[in-house]
Amino acid sequence: MSVASSYTFPCIKFQNYPSYSTKPTILTIRNSQAEGPIRRPVAPSPPKPSNIPPPIITTSAPPKPVAVTTSEGKNVITLEFQRQKAKELQGYFRQKKLEEANQGPFFGFIAKNEISNGRWAMFGFAVGMLTEYATGSDFVDQVKILLSNFGIVDLE
């Protein structure tokens with residue numbers, strides 16, 4: 001029999017001072033082996049709002065599909081106006097994307113091409129080193145073998 005199971009605490013109680021209240025609350029942690037029904041704590045009721053006027057419910061006609069309407073001296077932006085502006089923005093960014101894609105030369109010394117060229121050079125160097133290790137012939141001998149096997153140059 002272990003020390004932990006020799007005596008079990010039925011519950012542990014803590015006093016808690018929440019930030020929204022000056023009255024302490026008691027937090028109870030029950031042991032799973034405690035006798036009796038499990039009592040769930042009751043949630044505190046939310047504080048009631050003070051001096052907030054009730055919402056005003058008005059029934060009016062559906063909004064007009066006009067871009068900007070004026071009511072009581074205020075400019076009101078309608079849903080149709082927002083849809084129109086969203087479509088314009090989509091067209092604008094689509095055009096910007098096409099302009100960026102068409103800028104600059106496709107060939108030449110640009111960063112994208114130089115990165116690709118460097119990667120292919122590293123790959124070729126690694127393949128050359130592995131081939132030299134596997135065959136025992138250096139780079140010059142490999143080129144001679146390649147040219148003679150393809151029948152480009154007759155080297156003996």
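Hi everyone, here is a short tour of one protein chain, from its overall fold to a few side chains.

Before we start, please keep in mind that this is a predicted model: local features need pLDDT of at least 70, side-chain atom pairs count only at pLDDT 80 or more, and totals for chains, interfaces and linings use all residues. Residues are numbered from 1 along each chain as its sequence is written, and side-chain values use heavy atoms, with hydrogens and water left out.

Let's begin with the layout. You are looking at four helices and four strands; helices are DSSP runs of H or I with at least four residues, strands are runs of E with at least two, and both are numbered from the N terminus. Along the sequence they come in the pattern α-β-β-β-β-α-α-α.

How much of the chain is buried? Of its 156 residues, 4% are buried, where buried means under 20% relative accessible area, exposed means over 50%, and partly exposed lies in between, using a 1.4 Å probe and protein chains only. The accessible surface comes to about 15400 Å², and 62% of that belongs to carbon and sulfur atoms. Those areas come from the Shrake-Rupley method with a 1.4 Å probe, and for residues only the protein chains shown count as cover.

Now for contacts, meaning heavy atoms within 4.5 Å. Among those between residues at least 6 apart in sequence, 5% join residues at least 24 apart.

Next, the charged pairs. Side chains of opposite charge can pair when their charged atoms come close. The structure holds two salt bridges, each being a side-chain nitrogen of Lys or Arg within 4 Å of a carboxyl oxygen of Asp or Glu.

One joins Arg83 to Glu80, with the closest N and O atoms 4.0 Å apart. These two sit three residues apart in helix α2 (residues 79–101), so about one helical turn separates them. Arg83 is partly exposed at 47%, and Glu80 is partly exposed too, at 39%.

The other joins Lys85 to Glu88, with 3.5 Å between the closest N and O atoms. Lys85 and Glu88 are also three residues apart in helix α2, so again about one helical turn lies between them. Lys85 has 36% relative accessibility and Glu88 has 40%, so both count as partly exposed.

Finally, which residues make the nonpolar surface patch of about 500 Å²? They are Leu146, Phe150, Ile152, Val153 and Leu155. Patch residues have over 30% relative accessible area and no salt bridge; like charges are joined within 9 Å, and nonpolar side chains (Val, Leu, Ile, Met, Phe, Trp, Tyr) within 5 Å. Val153 lies in the segment after α4 (139–149) and is partly exposed at 35%.
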